[in-house]
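Welcome to this short briefing. Have the sequence and the 3D view open side by side, and take the topics in any order you like.

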Amino acid sequence: MPLAAALLSSGCASTRDYPSLSIREVERNMRARPSKAEEAETPQLPAASADLATRLDGLVAMARTADGQFADEKNRAERAVAAAGGRTSDSWSAAQIALAALESHRSHAMTALAELDQLYVDARDEAPLAPSPKAESIAAARDTVSDIISAQDSVIDGLSARLAG
């Protein structure tokens with residue numbers, strides 16, 4: 001038995017020194033850099049196709065048409081809100097209907113924005129590391145439509161606040 005214990009404990013105890021697993025100074029100073037061949041192989045991302053440009057123009061035109069309709073209704077809504085009486089009056093109901101018409105025209109622009117958002121997500125999925133010219137074209141159209149919607153939101157919010165107050 002003492003012989004067995006001695007044999008077993010000799011497998012666990014060792015006097016050999018093993019190297020440390022901590023990071024060495026040379027490893028701290030190393031930085032991964034792409035080789036010149038890897039840099040040269042980076043493909044150029046394709047530009048937006050003519051079909052995509054036509055589609056983007058159509059979506060921006062859709063938002064602008066909705067904005068024109070919004071502008072036509074805006075004056076009517078402003079007059080209705082200015083003339084609105086108490087919450088139970090017919091004039092207050094007419095102002096609510098005028099605001100709903102504005103929101104309806106805004107929703108057409110929102111439809112264009114939603115489609116642009118999806119196109120942008122798809123374009124970024126194709127080139128996730130950097131925006132491609134395709135994604136940049138979509139982003140520019142999206143910014144235009146987003147600005148239209150922001151202006152409409154300001155009008156609706158202002159009229160709603162006046163009607164509630």
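Which residues touch the most other members of the largest nonpolar core? They are Leu56, Ala63, Leu116, Leu119, Ile138 and Val145, in a core of 18 residues. Helices H4, H5 and H6 are the elements that give two or more residues to this core. Please keep in mind that this is a predicted model, with an average pLDDT of 83 over the chain.

**Overall layout**

- The chain has six helices and zero strands, so by the DSSP-run definition its elements are helices numbered from the N terminus.
- Read along the sequence, the pattern is α-α-α-α-α-α.
- Of the 165 residues in the chain, 22% are buried.
- The chain exposes about 11,600 Å², and carbon and sulfur atoms supply 55% of that area.
- Taking contacts between residues at least 6 apart in sequence, 78% join residues at least 24 apart.

- A pLDDT of at least 70 is reached by 78% of the residues.
- Helix H6 has the highest mean pLDDT among the elements, at 94.
- At the other end is helix H3 (residues 36-40), whose mean of 55 is the lowest among the elements.
- Where pLDDT is low, the predicted coordinates should not be read in detail.

**Helix H6**

- Helix H6 covers residues 133-164, which makes 32 residues.
- From its first C-alpha to its last, H6 reaches 46 Å, close to the 46 Å expected at 1.5 Å a residue.
- The buried residues of H6 include Ala135, Ile138, Ala141, Val145, Ile148 and Ile149. Also among them are Gln152, Val155, Ile156, Leu159 and Leu163.
- These buried residues pack against helix H4 (50-83) and helix H5 (90-126).
- Pro133 is found in H6 and counts as partly exposed because its relative accessibility is 30%.
- Pro133 and Ala123 are ten residues apart along the chain, and their C-alpha atoms are separated by 9.4 Å.

**Nonpolar cores**

- Val145, one of the residues that touch the most other members of the largest core, is in contact with Leu59, Val60, Ala63, Ala109, Leu113 and Leu116, leaving aside neighbours within four places in sequence.
- A second, separate core has 13 residues, including Val81, Ala98, Val155 and Leu163.
- In soluble globular proteins, nonpolar side chains tend to be buried together.

- Is Gln152 buried or exposed? Gln152 is buried, because its relative accessible area is 0%, under the 20% cut-off.
- Gln152 lies in helix H6 and touches Ala66, Asp67, Phe70, Arg106 and Ala109, not counting residues up to four places away in sequence.
- Ala114 has its place in helix H5 and is partly exposed, because its relative accessibility is 44%.
- Ala114 and Arg142 are 28 residues apart in sequence, while their C-alpha atoms are 9.1 Å apart in space.

**Salt bridges**

- Arg55 forms a salt bridge with Glu115, and the closest N and O atoms are 2.6 Å apart. This pair links distant parts of the chain, with Arg55 in helix H4 and Glu115 in helix H5, 60 residues apart.
- Arg55 counts as partly exposed because its relative accessibility is 39%, and Glu115 is partly exposed because its value is 29%.
- Glu73 pairs with Arg76 in another salt bridge, where the closest N and O atoms are 3.2 Å apart. Both residues lie in helix H4, three residues apart, about one turn of the helix.
- Arg76 is partly exposed, because its relative accessible area is 37%.
- The side chains of Lys134 and Glu126 also meet in a salt bridge, at 3.2 Å from N to O.
- Lys134 counts as partly exposed because its relative accessibility is 25%, whereas Glu126 counts as exposed because its relative accessibility is 55%, over the 50% cut-off.

Note on methods. Residues are numbered from 1 along each chain as its sequence is written. This is a predicted model: local features need pLDDT of at least 70, side-chain atom pairs count only at pLDDT 80 or more; totals for chains, interfaces and linings use all residues. Side-chain values use heavy atoms; hydrogens and water are left out. Helices (H or I, at least four residues) and strands (E, at least two) are DSSP runs, numbered from the N terminus. The expected span of a helix is 1.5 Å times one less than its number of residues. Buried means under 20% relative accessible area, exposed over 50%, partly exposed in between (1.4 Å probe, protein chains only). Contact means heavy atoms within 4.5 Å. pLDDT is the predictor's confidence in each residue, from 0 to 100. A salt bridge is a side-chain nitrogen of Lys or Arg within 4 Å of a carboxyl oxygen of Asp or Glu. A nonpolar core is a set of buried Ala, Val, Leu, Ile, Met, Phe, Trp, Tyr and Cys residues joined through side-chain atoms within 4.5 Å. Accessible areas come from the Shrake-Rupley method with a 1.4 Å probe; for residues, only the protein chains shown count as cover.
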